[in-house]
Amino acid sequence: MDKKKVILDCDPGHDDAFAIMLAVQHLDVLGITTIGGNSPLANVTRNALVVLEMIDAADKIGVYPGHSCPMVVPLVTAPNFHGESGLDGPVVEEPVHKAQKKHAVDFIVDTVMSTDDVTLIATGPLTNIASAINREPRIVERVKEICIMGGSVTFGNWTSASEFNIFVDPEAAARVFESGVHVKMTGLNLTRQCGFTPETVKRFRFIGTKTAAFAADLTDFFIGSNLRENEPALACMHDACAVAWEIEPSLIKAAPMHIDIELNGKYTRGMTVCDYRHLRGVNPAVDLERDAQMAFRGEEPNAEAALELDYNAYLELVCSTLANYQ
Ligand code: BDR
Ligand code: CA
């Protein structure tokens with residue numbers, strides 16, 4: 001079977017690194033575009049090259065730098081989770097490959113307009129994607145879908161209401177959700193189910209490949225970040241879930257939903273306001289099958305929200321992927 005054609009827009013980032021490792025092995029990655037987010041643009045672009053060189057893919061896949069800051073507000077970064085480089089932890093060589101000269105937005109527009117059935121996967125703030133839609137609105141009809149890591153059906157992480165990627169550029173997120181494109185949202189309610197533990201780190205080390213050792217170092221550092229932030233000893237590699245959903249849809253149960261982005265709330269700016277009244281319960285994962293038949297009460301769904309992860313199958317996918325690299 002032909003691999004799905006994707007562009008991965010990301011801000012590596014420990015979990016973005018996992019997203020890249022999964023995507024390159026299982027999908028047809030037409031290019032990687034970078035966006036200022038976890039760390040400034042220069043850092044995340046360098047980090048994308050680091051990961052591609054680690055898996056010997058830097059000759060085949062170009063890295064296209066995009067916007068360095070959000071549409072209307074200054075950039076907020078996350079050194080508390082990802083370190084000053086955006087990819088602290090593993091000791092790596094500086095990459096020898098260089099980023100492409102073409103801007104990420106031009107790459108996205110040109111590729112989508114010239115190639116059928118491209119899926120966009122976005123694991124950082126949505127600035128590049130929103131700019132691409134503004135530049136060439138026809139890409140909304142051309143892309144197969146946009147699968148994002150961002151938002152939450154329940155609570156946030158950067159604030160009580162909002163998740164980091166949406167919080168950084170809510171105006172861009174609103175543009176994407178309102179555009180009419182089919183959005184698949186892999187939010188925190190889902191990615192909090194994917195945590196790796198110190199036991200997982202041991203399992204990665206046992207695989208014995210250079211890439212698995214890199215993954216173990218990334219996970220180790222990320223668990224440490226969580227502990228420093230008074231969170232559990234768990235590394236949720238959020239972004240990898242969005243890619244996993246594209247690789248193997250059966251890993252995730254989802255439901256259609258109308259999702260709006262809050263732009264004005266004093267306490268809720270950047271919140272993904274999810275209308276799941278048709279799912280009835282406080283926990284939308286409850287009785288998914290029963291509730292699938294319920295009529296929508298609010299606006300028509302503009303998105304599909306991920307709700308339940310098959311954790312064991314997901315972990316197997318990650319481990320086998322790491323084992324298949326050198
Ligand atoms: C998201 O924010 C970033 O720090 C991660 O890379 C992920 O994309 C999780 O909220
Ligand atoms: Ca990210």
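Predicted model: local features only at pLDDT ≥ 70, side-chain atom pairs only at ≥ 80, totals over all residues.
Trainee: In which pocket does ligand 1 sit?
Mentor: Start with the residues that surround ligand 1. They include H82, M149, N157 and F164. As for the pocket that holds ligand 1, it is the largest pocket.

Trainee: Which elements give two or more residues to the shell around ligand 1?
Mentor: Look at the shell residues, among them D15, D16, H238 and D239. Then look at the helix ranges. Those elements are helix 1 (14–26), helix 7 (164–168) and helix 12 (238–247).

Trainee: How many charged residues does the shell around ligand 1 have?
Mentor: The shell includes D15, D16, E163 and D239. By class, it has 2 nonpolar and 6 polar residues. The charged count is 4.

Trainee: How far is an oxygen atom of ligand 1 from a polar side-chain atom of D239?
Mentor: For D15, an N or O atom of the side chain is 2.6 Å from a ligand 1 oxygen. For D16, the distance from a polar side-chain atom to a ligand 1 oxygen is 3.0 Å. For D239, it is 2.6 Å.

Trainee: What share of the accessible area of ligand 1 does the protein cover?
Mentor: On its own, ligand 1 has 280 Å² of accessible area. The protein covers part of that. The share is 95%.

Trainee: Which residues are the protein donors of the calcium ion, ligand 2?
Mentor: The donor atoms lie 2.2 to 2.6 Å from the ion. Along the chain, the spacing is D-x4-D-x106-T-x115-D.

Trainee: How many residues apart are D16 and T123?
Mentor: D16 is in helix 1. T123 is in the loop between strand 4 (119–122) and helix 5 (127–135). This pair links distant parts of the chain, and the separation is 107 residues.

Trainee: Is the peptide bond from P12 to G13 cis or trans?
Mentor: G13 is in the loop between strand 1 (5–10) and helix 1. Omega for the bond from P12 to G13 is near -15 degrees. The bond is cis.

Trainee: What is phi of D56?
Mentor: D56 lies in the loop between helix 2 (41–54) and strand 3 (63–65). Its phi is positive, in a residue other than glycine. The value is near 55 degrees.

Note on methods:
Residues numbered from 1 in each chain as written. Chains lettered and ligands numbered in written order. Heavy atoms only, no water. Near = heavy atom within 4 Å. Polar contact = N/O pair within 3.5 Å; in protein donor to acceptor, adjacent residues only side chain to side chain. Areas by Shrake-Rupley, 256 points an atom, 1.4 Å probe, with all protein chains shown as cover. 1 Å grid on protein atoms, 1.4 Å probe; cavity = no way out; pocket = protein on both sides within 12 Å on 5 of 7 lines; lining within 4 Å. Sits in = over half its atoms within 2 Å of the grid points. Helix = DSSP H or I, 4+ residues; strand = E, 2+ residues; numbered from the N terminus. Nonpolar A, V, L, I, M, F, W, Y, C, P; charged D, E, K, R; others polar. Donors = N, O, S within 2.8 Å, 3.2 Å for Na, K, Ca; no water.
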